[in-house]
Amino acid sequence: TLSLSGLIASSILHDDLGPPQYKTITLDRGADGLGFSIVGGYGSPHGDLPIYVKTVFAKGAAAEDGHLKRGDQIIAVNGQSLEGVTHEEAVGILKRTKGTVTLTVLS
């Protein structure tokens with residue numbers, strides 16, 4: 001069986017040149033929020049997975065910034081590691097952020 005993380009990595013990241021790169025993305029949270037949804041997390045139905053960007057919405061900080069992509073793995077939020085967190089914990093961490101939010105992603 002192909003794991004979800006393998007599926008995401010092969011279907012979304014295969015067109016990038018070279019190995020995945022760590023990058024820092026700074027988003028200014030506005031009225032439309034951060035503007036993306038996430039998938040994965042520790043104890044998910046597909047097993048223990050990292051947190052990935054599922055969708056970048058048409059409105060919101062991520063679309064305005066333009067750097068965050070579907071399939072990016074979110075490593076940390078404002079320096080707080082998302083390693084080993086559940087989906088619900090990751091959602092909570094993102095929802096609690098205010099103003100300028102710094103994401104560390106593997107893209």
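1. In this predicted model, the chain holds three helices and six strands, and when these elements are read along the sequence they follow the pattern α-β-β-β-α-β-β-α-β.

2. Of the 107 residues of the chain, 38% count as buried, while the accessible surface comes to about 6300 Å², with 54% of that surface belonging to carbon and sulfur atoms. Among contacts between residues at least 6 apart in sequence, 63% join residues at least 24 apart.

3. The helix α3 deserves a careful look. Its buried residues are Ala90, Gly92, Ile93 and Leu94, and these pack against the strands β2 (36-44), β3 (47-56), β4 (73-77), β5 (80-81) and β6.

4. Where does Thr97 lie? The residue Thr97 sits in the loop that runs between α3 (87-96) and β6 (100-106), and its relative accessible area is 6%. Because buried means under 20% relative accessible area, Thr97 is counted as buried although this residue belongs to a loop.

5. Which residues does Thr97 touch, if those up to four places away in sequence are not counted? They are Arg29, Leu34, Val77 and Asn78. With one of these, Arg29, there is also a polar contact, made between the side chain of Thr97 and the side chain of Arg29 at 2.8 Å.

6. Taken together, the points on Thr97 describe a loop residue that is buried, and whose side chain makes a polar contact with the side chain of Arg29.

Notes: Residues are numbered from 1 along each chain as its sequence is written. This is a predicted model: local features need pLDDT of at least 70, side-chain atom pairs count only at pLDDT 80 or more; totals for chains, interfaces and linings use all residues. Side-chain values use heavy atoms; hydrogens and water are left out. Helices (H or I, at least four residues) and strands (E, at least two) are DSSP runs, numbered from the N terminus. Buried means under 20% relative accessible area, exposed over 50%, partly exposed in between (1.4 Å probe, protein chains only). A polar contact is a pair of N or O atoms within 3.5 Å; within protein, one must be able to donate a hydrogen and the other to accept it, and residues adjacent in sequence count only if both atoms are side-chain atoms. Contact means heavy atoms within 4.5 Å. Accessible areas come from the Shrake-Rupley method with a 1.4 Å probe; for residues, only the protein chains shown count as cover.
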